Amino acid sequence: MSEPILATDALSVRYGSFVALQDVTLRIRQNSVHSIIGPNGAGKTTLFHALTGRIAPSAGRIALAGRDITRTADHERVRLGLARSFQVTSLFPTLSVRENLRLAAQGRTPWQALAPWRRAEANRPALAMAEAMLDRLDLTRVALRAAGELSHGQQRRLEVGMAMAAAPKVILLDEPTSGMGIDDIAAMTALIRDLGRDHTVLFIEHNMGIVMNISDTVTVMRAGRVLVEGPPARVRDDPEVRRAYLGNMITGDLVS
Amino acid sequence: MTYLFQILNGLGLGMLYFLLAVGLSIIFGLLQFVNFAHGAFYLLGAYLAYEGVERGLSFWVAMPLAALVVAVLAGLTERLLLRRVYKLPHTFHILVTVGLALVVQELVIILWGPLGGNVAPPEELSGVMILGDFVYPEYRLFVIGFTAILAAGLWWLLDRTRLGAIVRAGSESPSNMALLGYDTLRINTAVFALGAGLAGLAGALAAPIRGVEPFMGVEALGIAFVVVVIGGMGSYAGALAAGILVGVAQSLMATLWPEGARLVIYLGMAGIIMAMPRGLFGRA
Amino acid sequence: MIPFLDRPLVQFGLALATVLILPLAMRSGTLASEILIFGLAVAACNLLLGYTGLLSFGQGIFFGLGSYVAGLGLMRAGLPAPVMLLLSLALGALVAAAVGWVSIRRQGVYFVMLTLAFSQMFYFLAYTFSGVTGGDNGLLDIPRPRLGGTVLSDAWTYYAYVAVLFLVLFATLQRVALSTFGRTLLAIRDNEGRAGAIGYPVRAFKVAAFAISGAVTALAGALHAMLIGVAPLSNIDYHTSETLLIMTIIGGSANLFASLLGAGAYLLAADALSAIWPRWLLLLGLLLIVITLFLQRGLWGLIERAVALVTRTPPPAESLPLPLVGRGQGWGWRRQPPPVEGHPATPTANSSPQGGGGQPGARPAPEANR
């Protein structure tokens with residue numbers, strides 16, 4: 001097995017006596033879709049925050065493509081190839097859809113962007129990336145609309161697209177289908193599945209249908225720890241998982 | 001002895017600053033509204049007291065009346081104008097209140113002229129108090145005592161009454177108030193009138209000490225901001241502590257380094273914000 | 001917004017037309033020069049307020065600084081005017097970067113207060129150290145620049161000097177606004193948290209915006225001192241900051257020609273009204289109230305609406321988010337933290353669907369897995 005693209009070793013986050021994350025060890029394989037599930041308060045979002053550098057872990061280490069990034073600043077991690085989308089849509093609402101994507105692509109070279117004499121159009125790779133993303137996200141028709149005017153489903157796709165536009169080694173998606181209607185969910189599922197072909201995707205999701213359908217690996221968390229990890233079929237049948245989920249967020253998918 | 005004199009002066013000044021700032025602070029706390037017209041209410045309070053005394057009213061009548069009139073005018077302004085502005089970005093809060101302050105200031109000049117005037121302290125308090133070789137004006141002592149009682153009353157109002165509880169709940173989370181079924185609009189008006197009335201009262205109380213002139217509002221606004229920022233936005237205790245701190249510091253500096261008095265205060269303010277971003281008593 | 005009007009060439013054309021029309025339409029060369037000078041300072045203010053979402057009460061610091069550089073450079077040090085102007089640019093950038101670097105460490109209302117405190121601090125610095133600044137009197141007898149041996153003492157000749165500098169700097173600011181830098185500023189204004197999350201060092205961008213804004217403002221201050229022959233204390237006053245902000249908002253935000261419009265309208269109105277009635281500030285106050293209630297996009301918004309009417313394109317929607325500092329963005333004070341900021345102190349609250357706003361559709365939809 002090749003070296004994992006993203007790895008954590010005994011990662012822990014504590015606030016005083018409260019343990020949010022305890023000894024989480026993960027191995028994310030390149031070009032795989034890896035999902036994280038678990039009941040509310042399991043520490044999924046804390047894990048994301050620790051991975052992206054929003055919060056500093058109390059113990060353990062994080063490595064991206066073999067490089068230790070445990071103490072690396074958040075925007076530096078973006079440059080090294082770690083991008084994320086947010087559970088609550090976070091766009092540039094008055095700027096056009098195309099500009100949102102261009103800015104995200106340009107974020108790979110943030111210090112170059114600091115040059116006040118450099119024309120935005122001079123960054124051809126960023127422009128090309130924005131166009132490619134518009135096409136891939138099926139947003140070309142609304143490219144010139146302000147992001148704040150899009151429908152919810154379109155905004156969620158753009159949200160994910162912003163993470164993709166940075167051409168990251170690993171994309172972290174925080175509940176990409178949050179708040180979506182059924183049609184939009186289908187489009188998003190297709191998008192993530194498609195992403196898995198040439199990207200590494202790590203995502204938090206509550207929709208078991210999506211998780212079981214498109215994941216290569218599923219990690220189940222509970223109370224800050226990893227409960228079970230494995231391919232969807234095995235996780236689905238794991239008695240511990242069934243117990244953990246009973247009464248909490250049992251779904252037709254898990255039972256059937 | 002000069003230091004004692006200056007510290008007492010500073011205490012009186014500081015209590016006035018407190019009255020001024022606490023109004024600004026509760027308005028900001030409840031309404032999230034940056035009120036650049038606050039100095040104008042102070043100015044108006046001072047001039048109304050001046051007018052009252054000129055017309056032969058006793059200071060004891062003119063002073064509370066001035067505060068009351070300011071409160072009523074401020075309440076009307078809130079209902080007719082400011083209410084429409086709350087939902088706009090803060091930039092427009094500043095713009096509209098700067099406009100309002102200009103209107104008040106120019107109206108004051110039109111009505112009373114650009115030169116200003118003096119207000120005699122009430123006769124009962126026009127003398128000095130003598131303690132050994134320490135001599136101090138009685139009116140200033142009265143201001144210290146009176147504002148201390150007011151401060152206690154205000155604390156009671158904000159901490160022990162229903163209105164206070166509502167105001168505090170509203171400052172924590174504005175949506176709470178509506179959820180609890182309170183008439184938010186009315187409470188907003190009441191709080192705005194109260195805050196402005198306190199500024200007016202500060203102006204009326206200050207008038208016999210410093211006289212009245214049309215630009216005293218601008219100066220007061222600057223000081224009020226300093227006090228609120230040092231004390232912490234929305235904090236009652238902060239406004240009190242910071243008001244006294246600024247008053248005493250300003251008073252002491254006036255003997256030590258008169259030209260640099262203001263410089264030191266603003267330097268101090270910048271330093272405190274850097275070290276304690278939420279002020280001395282600000283909540284995180 | 002009407003895209004045509006926002007094109008850089010159209011904007012520059014409007015500025016050029018204004019520069020050419022002013023001498024034909026106006027009697028006073030001094031007032032015309034003042035319009036261009038303030039137009040520059042307001043455009044610089046717009047870079048902070050309109051483009052970056054930073055409402056700074058510190059612009060007067062840099063304007064006053066430029067005036068003092070002119071006074072001290074030309075009279076005490078005997079520098080030639082071009083050298084002095086370069087010096088004012090450099091010092092303006094330096095001081096603005098320092099003020100900005102400290103101020104942006106605080107957000108929202110506290111940021112505004114800090115800039116206000118700095119503004120007062122520099123005012124009292126200038127007031128206290130009157131040996132350098134002339135205190136209340138200011139620095140007097142500042143000479144006009146000379147060009148080819150002749151002093152530009154005639155108002156309209158000096159206007160030409162100012163006009164050239166104005167156009168050069170206007171074009172420069174346009175270039176800045178359209179650059180990768182300027183467009184990233186808009187992103188920071190819109191959503192600072194996300195801009196940081198996609199990799200931008202937000203603080204560096206804000207400090208740079210301050211530096212550029214401060215440099216241009218200081219140069220405008222230097223030009224102003226040479227125009228009136230004095231570097232007055234009032235140039236570094238809080239009122240200068242306030243006036244520059246008012247002009248910026250009157251004009252319209254995130255649009256450089258709007259800034260010239262704002263400066264021009266303010267100065268012309270002030271000139272006309274103050275001649276008729278000494279209490280004209282009352283009218284200004286009423287005007288500010290009217291703008292807040294009815295004209296939030298400023299004069300530029302009015303022009304956009306007029307053009308839309310003439311060309312029969314749909315008028316710019318008033319419901320569009322106003323490109324100014326808004327609630328919950330730059331002002332995240334207790335009310336609602338921007339989505340990206342959150343509260344690390346309560347980490348588990350975010351990992352529940354309820355914590356994320358309780359979107360109803362977050363629950364599994366059985367149809368989606370077939």
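Q: What makes a residue a contact of Val227(B), leaving aside its neighbours within four places in sequence?
A: Two residues are in contact if their C-beta atoms, placed from the backbone, lie within 7 Å. Tyr17(B), Ala21(B), Ala239(B), Ala242(B), Gly243(B) and Val246(B) meet that test with Val227(B). The model is predicted: local features need pLDDT of at least 70, side-chain atom pairs count only at pLDDT 80 or more, and totals for chains, interfaces and linings use all residues. Residues are numbered from 1 along each chain as its sequence is written, while chains are lettered from A and ligands numbered from 1 in the order in which they are written.

Q: What makes the largest nonpolar core a core, and which residues have the most contacts inside it?
A: A nonpolar core is a set of buried Ala, Val, Leu, Ile, Met, Phe, Trp, Tyr and Cys residues joined through C-beta atoms within 7 Å. Buried means 20 or more other C-beta atoms within 10 Å of the residue's own (exposed is 12 or fewer, partly exposed in between). The largest such set has 290 residues. Leu20(B), Ala46(B), Ala49(B) and Val227(B) have the most contacts inside it. Helix H11 (residues 202–228) of chain C gives the most to this core, with 18 residues.

Q: How many helices and strands does chain B have, and what makes them count?
A: Helices are DSSP runs of H or I with at least four residues, and strands are runs of E with at least two, numbered from the N terminus. Chain B has 11 helices and 2 strands. Their order from the N terminus is α-α-α-α-β-β-α-α-α-α-α-α-α.

Q: Which residues make the contact of H10(B) with H11(B)?
A: From H10(B) come Val246(B), Ala249(B), Gln250(B), Met253(B) and Ala254(B); they meet Ala261(B), Val264(B), Ile265(B) and Gly268(B) in H11(B). By class, that is 7 nonpolar, 2 polar and no charged residues. Nonpolar covers Ala, Val, Leu, Ile, Met, Phe, Trp, Tyr, Cys and Pro; charged covers Asp, Glu, Lys and Arg; the others, Gly among them, are polar.

Q: What does chain C bring to its contact with chain B?
A: 36 residues of chain C are in contact with 36 of chain B. H6(C) gives the most to the chain C side, with 12 residues. That side has 25 nonpolar, 6 polar and 5 charged residues.
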